[in-house]
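Biologist: I would like to learn how to read a protein model, one feature at a time. Could we go through one together?

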Amino acid sequence: MKKLKVGIIGATGMVGQRFIMLLNEHPYFEISALVASPRSAGQKYGKVVLGRWKMADACPERILNMEIISSDEVEKVGSMVDFVFCAVSMTKEETKALEERYAKAEIPVVSNNSANRWTPDVPMVIPEINDAHLEVIEAQRKRLGTKRGFIAVKPNCSIQSYVPLLTPLMKYGIKEVVATTYQAISGAGKTFKEWPEMVDNLIPYIGGEEEKSEKEPLRVWGKVEGGEIVPATVPVITTQCLRVPVSDGHTAAVFVKFENKPTKDEILDAWKNYKGKPQTLGLPSAPEQFITYFEEDNRPQARLDRDIYGGMGITAGRLREDSVYDYKFVGLSHNTLRGAAGGAVLIAELLYREGYLG
């Protein structure tokens with residue numbers, strides 16, 4: 001199939017770097033434009049990221065020699081690409097304006113940012129869970145006055161350690177959820193070299209995370225009505241979010257109460273057999289098994305299990321009955337792969353196969 005040309009807005013940051021590594025030899029997409037702030041424009045990518053490259057593997061030589069384009073040069077970027085990924089470090093207002101500017105210029109935007117997650121006609125997608133929300137793009141295009149341009153976003157990285165595990169259990173009537181997330185430092189765009197204060201430390205606060213973790217799942221579980229996404233009203237969710245000394249991988253400790261309590265075997269069966277549109281279509285970034293359960297008492301572990309299926313699988317463990325709630329369990333997802341760049345690439349693959357990027 002024809003490869004689409006893609007640009008990366010925010011190419012010099014940690015998520016932008018991850019996009020580069022994921023897209024370098026992608027079967028659907030080819031990197032054609034590296035976009036960053038005006039202060040980096042006109043420079044070779046290799047010069048700008050010298051001493052700032054955060055990936056374990058070296059940056060591809062072709063990418064190092066590419067010239068960075070200013071994010072303000074929308075028309076120039078549009079002449080070079082079929083769509084863009086966006087992972088910028090700007091205020092919410094600035095990000096929203098930038099993404100709409102690209103969309104109105106007929107450049108589809110697949111965003112890693114939070115600015116448009118609550119725009120009613122912008123789909124916020126975990127492809128295995130709410131691919132049906134893509135239909136709202138038609139209404140968004142009418143609002144924007146575009147034929148091709150639109151914005152699609154991925155949810156916050158933290159919810160992907162537990163929302164995929166709750167979704168197959170919704171048929172049992174989930175009433176209440178308590179989730180505590182233990183979030184890696186890469187979620188703040190940091191490494192231990194840059195953030196030595198995190199060694200042998202835990203910070204019991206991450207700005208804005210608890211609100212996102214409690215509300216975004218309800219939007220993912222919502223329905224498209226009248227050209228916009230209406231969030232679900234249940235279950236009730238309360239969370240705490242802690243920063244922990246882990247490089248990659250967000251872990252969640254989850255407690256759940258049901259209307260109709262399933263057996264442990266029914267829960268394990270629901271996890272094992274759950275799959276979504278990415279698995280049905282065989283998308284390149286889709287994990288063969290969406291949810292993997294470990295029987296061992298000491299799993300999943302971030303170092304051992306975050307990279308399952310290329311960092312795109314969700315892992316679970318320690319499922320057991322609880323004395324206050326019905327069940328409790330532990331979930332894990334890779335925050336910069338499934339939770340960030342990889343999740344956005346999977347959305348783009350789905351959009352391509354469903355005809356939205358044609």
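Modeller: What follows takes sheets, cores and a pocket in turn. Keep in mind that this is a predicted model.

Biologist: Let us begin with strands. How do strands join into a sheet, and which order do the strands take in the sheet that contains β1?

Modeller: The general idea is that strands of a sheet pair through backbone hydrogen bonds, either parallel or antiparallel. Here, six strands form an open sheet with the order β3-β2-β1-β4-β5-β6, and the pairing is parallel. The edge strands are β3 (68–70) and β6 (151–153), each of which pairs on one side only. On average, neighbouring strands in this sheet are turned by 30° against each other, direction ignored.

Biologist: Which strands pair with β1, and over how many bridges?

Modeller: β1 pairs in the parallel sense with β2 (residues 29–36) over six bridges. With β4 (residues 83–86), β1 again pairs in the parallel sense, over four bridges. Ile8 shows both pairings: its bridge partner in β2 is Leu34, and its bridge partner in β4 is Phe85.

Biologist: Is β1 mostly covered or mostly open?

Modeller: β1 is mostly covered, with five of its six residues buried. Take Leu4, which is found in this strand, residues 4–9. Leu4 has a relative accessible area of 4%, and the cut-off for buried is under 20%, so Leu4 counts as buried.

Biologist: Which residues does Leu4 touch, if those up to four places away in sequence are not counted?

Modeller: Leu4 touches Tyr28, Phe29, Glu30, Asp82, Phe83, Tyr352 and Leu357. For example, Leu4 and Gln301 are 297 residues apart in sequence and 37 Å apart in space, C-alpha to C-alpha.

Biologist: Now the sheet that contains β11. What is the order of its strands, and what is the pairing?

Modeller: This open sheet has six strands in the order β10-β7-β11-β14-β13-β12, and the pairing is mixed. β10 (236–243) and β12 (291–294) stand at the edges with a single partner strand each, so one side of each has no neighbour in the sheet. The twist averages 20° from one strand to the next.

Biologist: Which helix packs on this sheet?

Modeller: Helix α10 (residues 264–273) packs on the sheet and touches β12, β13 (314–321) and β14. The direction of α10 makes about 175° with that of β13.

Biologist: How many bridges does β11 form with β7 and with β14?

Modeller: β11 and β7 (residues 174–183) run antiparallel and are joined by eight bridges. Across that pairing, Thr180 stands opposite Ala253 in β11. On the other pairing, β11 and β14 (residues 327–333) are antiparallel over seven bridges. Ala252 has Gly331 as its bridge partner in β14, while Phe255 has Lys328. As for burial, β11 (residues 250–258) is mostly covered, since seven of its nine residues are buried.

Biologist: What is the idea behind a nonpolar core, and which residues touch the most other members of the largest one?

Modeller: In soluble globular proteins, nonpolar side chains tend to be buried together. In this model the largest nonpolar core has 52 residues, and Tyr102, Leu166 and Trp271 touch the most other members. A second, separate core has 42 residues, including Phe19, Ile31, Leu34 and Phe83.

Biologist: Which residues are in contact with Trp271, leaving aside its neighbours within four places in sequence?

Modeller: Trp271 is in contact with Leu165, Pro168, Leu169, Gln289, Ile291, Tyr293, Ala316, Leu319 and Phe329.

Biologist: A loop residue next. Is Asn112 buried or exposed?

Modeller: Asn112 lies in the loop between β5 (109–111) and α6 (127–130). Asn112 is buried, with a relative accessible area of 13%. Beyond its neighbours within four places in sequence, its contacts are Val15, Cys86, Ala87, Arg117, Lys154, Gly339, Ala340 and Ala341.

Biologist: Last, the largest pocket. How many residues line it, and which lie nearest its centre?

Modeller: The lining has 48 residues, and Val15, Ala87, Val88, Ser89 and Asn113 lie nearest the centre. The space in this pocket is about 1300 Å³. The elements that give two or more residues to its lining are α1 (14–23), α5 (92–104), α9 (209–220) and α14 (337–353). The largest share, four residues, comes from α5.

Note on methods. Residues are numbered from 1 along each chain as its sequence is written. This is a predicted model: local features need pLDDT of at least 70, side-chain atom pairs count only at pLDDT 80 or more; totals for chains, interfaces and linings use all residues. Side-chain values use heavy atoms; hydrogens and water are left out. A nonpolar core is a set of buried Ala, Val, Leu, Ile, Met, Phe, Trp, Tyr and Cys residues joined through side-chain atoms within 4.5 Å. Buried means under 20% relative accessible area, exposed over 50%, partly exposed in between (1.4 Å probe, protein chains only). Contact means heavy atoms within 4.5 Å. Two strands pair if DSSP finds at least two bridges between them. Axes are lines fitted to C-alpha atoms, for helices over the stretch in contact, and angles run from 0 to 180 degrees between N-to-C directions. On a 1 Å grid over the protein atoms alone, a cavity is a set of points where a 1.4 Å probe fits but cannot get out, and a pocket is an open set with protein on both sides within 12 Å along at least five of seven lines; lining residues have an atom within 4 Å of a point. Grid points are joined across faces, edges and corners, and a volume is the space filled by probe spheres set on the points.
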